[in-house]
Amino acid sequence: MRLGFEHGSALDIRTVAQLNSSLHGKTNFRLTSISPCSTYSDTLAHMVNSERTDYEPLTAALNVFVSFISNVSEQARNMQLEDVAAGKVREYIDILMDDETLSTPYAEGIDVYFPKTFLYLLWAVCYYLFVVTETIMDQEMEGTYDGHLRSDAFTRRAYDLINYALTLRFRYLPWPYEVIDPNVDAEFARDVNVIFGYALAYVYFHEYAHVTLNHSAVSDAILSKDQEREADNFALDVVLGTASDDNTRRNYGIAVGCAGISMLYCVSDPKNLDSTTHPPVDIRLANSMSYLSIADPKANYYLYKLLCVGLVGFCDMYKIPVSTQIYDTIEDQYGDLLERIATRRTST
Ligand SMILES: [Zn+2]
């Protein structure tokens, strides 16, 4: 079946703001913000379950994740050490290596589980959103962006990869090394490993909250949604709470945005955006973004541009009509896209 991401089709994310070249500039995701492994990393050296030591194709990306959760803040590190010592959370995370269709991370008892295919999807989403956003920004700077994305080796790769990942919702396929090997320090791949590491940290601390706050599967929808909100806010506090400047906030925001868009892309029908157990995915995404306040217009523009790329992709997949108007601000476009997606939920 067609999954809806067609290379060469319109990707119209234009705003009048694009005329203001001061909003542009390359991003910098280099690993400088991550310090080398500390004591807690040593505790978590076996982060991943003991049966395998390699997690190809994501070994490099998972190393960034482990390093990040170990060093995100002094406070977070101490919390983890105490919780592990008290037996409240397992000192490692289980990665489920089964060749199965896509499923989402979950917590059970004191354990957190990451299905391999979710990690594949998350990496592919980070790559797609980053490459496409960078390309649009480039085109805007050159004045060549007319709502169509330039076709080059990177954008073609981004489309191939996202289409692969979306297929995982219906059937398992092994990682497409012929498209990209995330361990090779190619253009974009290294940056994407960093975004992935931060994004997965957000996902991890969400599950961590379920475990350590003693959340349990409940049949009551309101209570269940409250638990989900509590877990989201916990993860946002840990990951975003320490970002002291706008660029760091933007980078963490991009990562949390990628995690949110990934959850959106896991949905195999927009009717399922709402469920009895979780608040609607689009509302969760909006909640995470409202958590960030970025004063620097350039950082803000970049972040919302990337989110719009993700939302337009979702609309494209499900033939949700988008407007071709040129918006005053990127936040206006983001708000409009969220509203259009919200109308496709069966309940609120
Ligand atoms: Zn949850």
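1. The protein chain contains 11 helices and 3 strands, where helices (H or I, at least four residues) and strands (E, at least two) are DSSP runs numbered from the N terminus. Along the sequence, the elements follow the pattern α-α-α-β-β-β-α-α-α-α-α-α-α-α. The model is predicted: local features need pLDDT of at least 70, side-chain atom pairs count only at pLDDT 80 or more, and totals for chains, interfaces and linings use all residues. Residues are numbered from 1 along each chain as its sequence is written.

2. Of the 348 residues of the protein chain, 44% count as buried. A residue is termed buried if 20 or more other C-beta atoms lie within 10 Å of its own, exposed if 12 or fewer, and partly exposed in between, with C-beta atoms placed from the backbone. Among contacts with a separation of 6 or more, 76% join residues 24 or more positions apart; two residues are in contact if their C-beta atoms, placed from the backbone, lie within 7 Å.

3. The largest nonpolar core has 100 residues, and V125, C126, A199 and V239 touch the most other members. Such a core is a set of buried Ala, Val, Leu, Ile, Met, Phe, Trp, Tyr and Cys residues joined through C-beta atoms within 7 Å. Helix α4 supplies the largest share of this core, 17 residues. Leaving out residues up to four places away in sequence, C126 touches V192, I195, F196, A199 and C258. As a general point, nonpolar side chains in soluble globular proteins tend to be buried together.

4. Helix α4 (residues 116-142) packs against helix α8 (residues 246-266) at an angle of about 115°, and their axes are 9 Å apart. Here the axes are lines fitted to C-alpha atoms, for helices over the stretch in contact, and angles run from 0 to 180 degrees between N-to-C directions. The crossing of α4 and α8 is right-handed; a crossing has this hand if the near helix is turned clockwise from the far one by less than a right angle, and is left-handed if anticlockwise.

5. Which residues of α4 and α8 meet? From α4 come L121, L122, V125, C126 and L129, and from α8 come C258, A259, I261, S262, Y265 and C266. By class, this contact of α4 with α8 has 10 nonpolar, 1 polar and no charged residues. In this classification Ala, Val, Leu, Ile, Met, Phe, Trp, Tyr, Cys and Pro are nonpolar, Asp, Glu, Lys and Arg are charged, and the others, Gly among them, are polar.

6. Helix α8 is largely enclosed by the rest of the structure, because 18 of its 21 residues are buried. The end C-alpha atoms of α8 are 30 Å apart, which agrees with the 30 Å that its 21 residues should span at 1.5 Å a residue. The expected span of a helix is 1.5 Å times one less than its number of residues.

7. Y265 lies in helix α8 and counts as buried, with 25 C-beta neighbours inside 10 Å. Apart from its neighbours within four places in sequence, Y265 is in contact with L121, V125, L166 and F314. Y265 and V125 are 140 residues apart in sequence, yet 8.6 Å apart in space, C-alpha to C-alpha.

8. A209, in helix α6, is buried, with 21 C-beta neighbours inside 10 Å. Not counting residues up to four places away in sequence, A209 touches E230, A231, F234 and A235. The C-alpha atoms of A209 and A231 are separated by 5.1 Å, although these residues are 22 residues apart along the chain.

9. A243 is placed in the loop between α7 (221-240) and α8. A243 is partly exposed, with 19 other C-beta atoms within 10 Å. Beyond residues up to four places away in sequence, A243 touches T248, R249 and Y252.

10. Backbone angles at two residues deserve a check. Most residues other than glycine have a negative phi. F188, which is not a glycine, has a positive phi of about 80°; F188 sits in the loop between α5 (153-167) and α6 (189-212) and is partly exposed, with 19 C-beta neighbours inside 10 Å. K319 has a positive phi near 50°. K319 is found in the loop between α10 (297-317) and α11 (330-342) and counts as exposed, with 9 C-beta neighbours inside 10 Å.
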